[in-house]
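I opened the notebook to record what I looked up in this structure. The entries run from the overall layout to single residues.

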Amino acid sequence: HKYKFDVKMTCGGCSGAVNRVLKKAQDNGDGVSEYDVNLEKQEVLVTGTIPYDALLEKIKKTGKEVSLLSTPASVSIPTLVRFALVKHSSRMLAYLLMIN
């Protein structure tokens with residue numbers, strides 16, 4: 001799976017926190033095969049077999065605001081709708097209703 005998240009990061013400490021949780025997940029064999037944390041773009045790219053919900057929770061543990069930018073087709077529409085409702089993302093919800 002390939003995931004792309006928008007993560008609000010304002011400094012090297014912020015991106016470092018995200019790097020640490022992803023590195024730990026990779027080292028522990030949690031299904032993260034590679035990742036890239038881009039402070040300038042405020043973007044996190046992750047490739048691996050880790051389930052979406054588990055990955056989202058790991059990134060959220062850093063305390064950073066996280067929004068999904070793209071996801072593999074294997075993530076169910078109900079999961080994405082639940083994410084949109086929790087994040088109050090009407091744009092994401094409208095898109096999901098349009099494609100379903």
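**Entry 1: layout.** I took helices (H or I, at least four residues) and strands (E, at least two) as DSSP runs, numbered from the N terminus. Read along the sequence, the protein chain then gives the pattern β-α-β-β-α-β-α-α. That makes four helices and four strands. I noted that this is a predicted model, where local features need pLDDT of at least 70 and side-chain atom pairs count only at pLDDT 80 or more, while totals for chains, interfaces and linings use all residues. Residues are numbered from 1 along each chain as its sequence is written, and side-chain values use heavy atoms, with hydrogens and water left out.

**Entry 2: surface and contacts.** I set the burial classes before going on: buried means under 20% relative accessible area, exposed over 50%, and partly exposed in between (1.4 Å probe, protein chains only). Of the 100 residues of the protein chain, 35% count as buried. Next I looked up the accessible area, computed by the Shrake-Rupley method with a 1.4 Å probe; for residues, only the protein chains shown count as cover. The protein chain exposes about 6000 Å², and carbon and sulfur atoms supply 52% of that area. For contacts I used heavy atoms within 4.5 Å. Among contacts between residues at least 6 apart in sequence, 56% join residues at least 24 apart.

**Entry 3: the nonpolar core.** In soluble globular proteins, nonpolar side chains tend to be buried together. I searched for nonpolar cores, meaning sets of buried Ala, Val, Leu, Ile, Met, Phe, Trp, Tyr and Cys residues joined through side-chain atoms within 4.5 Å. Which residues touch the most other members of the largest nonpolar core? Of its 19 residues, they are Phe-5, Val-7, Leu-22, Val-44, Leu-55 and Ile-59. Two or more residues of this core come from each of β1 (2-7), α1 (12-27), β2, β3, α2 (52-60) and β4 (66-70).

**Entry 4: helix α2.** I listed the buried residues of α2, which are Tyr-52, Leu-55, Leu-56 and Ile-59. They cover an arc of only 100° around the axis (taken from the directions from the helix axis to the C-beta atoms), which puts them on the same side of α2. An α-helix has 3.6 residues a turn, so residues three or four places apart point the same way.

**Entry 5: aromatic rings.** A pair of aromatic rings is described by the distance of the centres and the angle of the planes. Rings of Phe, Tyr and Trp (its six-membered ring) pair if their centres lie within 6.5 Å; planes under 30 degrees apart count as stacked, over 60 as edge-to-face and the rest as tilted. I found three aromatic pairs by this rule. Tyr-3 and Phe-5 are stacked, at 6.3 Å centre to centre with 25° between the planes. Phe-5 and Tyr-52 have ring centres 6.2 Å apart and planes at 15°, so this pair is stacked. Because Phe-5 lies in strand β1 and Tyr-52 in helix α2, the pair ties together parts that are 47 residues apart in sequence. Relative accessibility is 3% for Tyr-3 and 0% for Phe-5. Tyr-3, Phe-5 and Tyr-52 form one aromatic cluster.

**Entry 6: cysteines.** How many disulfides does a search of the whole structure find? I found zero, taking a disulfide as a pair of cysteine sulfur atoms within 2.5 Å. The sulfur of Cys-11 has its closest cysteine sulfur in Cys-14, 3.6 Å away, so the two are too far apart for a bond. Is Cys-14 buried or exposed? Cys-14 is buried, with a relative accessible area of 9%, whereas Cys-11 is partly exposed at 36%.

**Entry 7: two serines.** Ser-15 is found in helix α1 and counts as buried at 10% relative accessibility. Not counting residues up to four places away in sequence, Ser-15 touches Met-9, Val-37 and Leu-39. Ser-33 lies in strand β2 and is partly exposed, with a relative accessible area of 45%. With the neighbours up to four places away again left out, Ser-33 touches Gln-26, Thr-47 and Gly-48. Ser-33 and Gly-48 are 15 residues apart in sequence and 4.8 Å apart in space, C-alpha to C-alpha.

**Entry 8: a loop residue.** Most residues other than glycine have a negative phi, and most peptide bonds are trans. Gln-42 has a positive phi of about 55° although it is not a glycine. I located Gln-42 in the loop between β2 (32-38) and β3 (43-48). Its relative accessibility is 24%, so Gln-42 counts as partly exposed.
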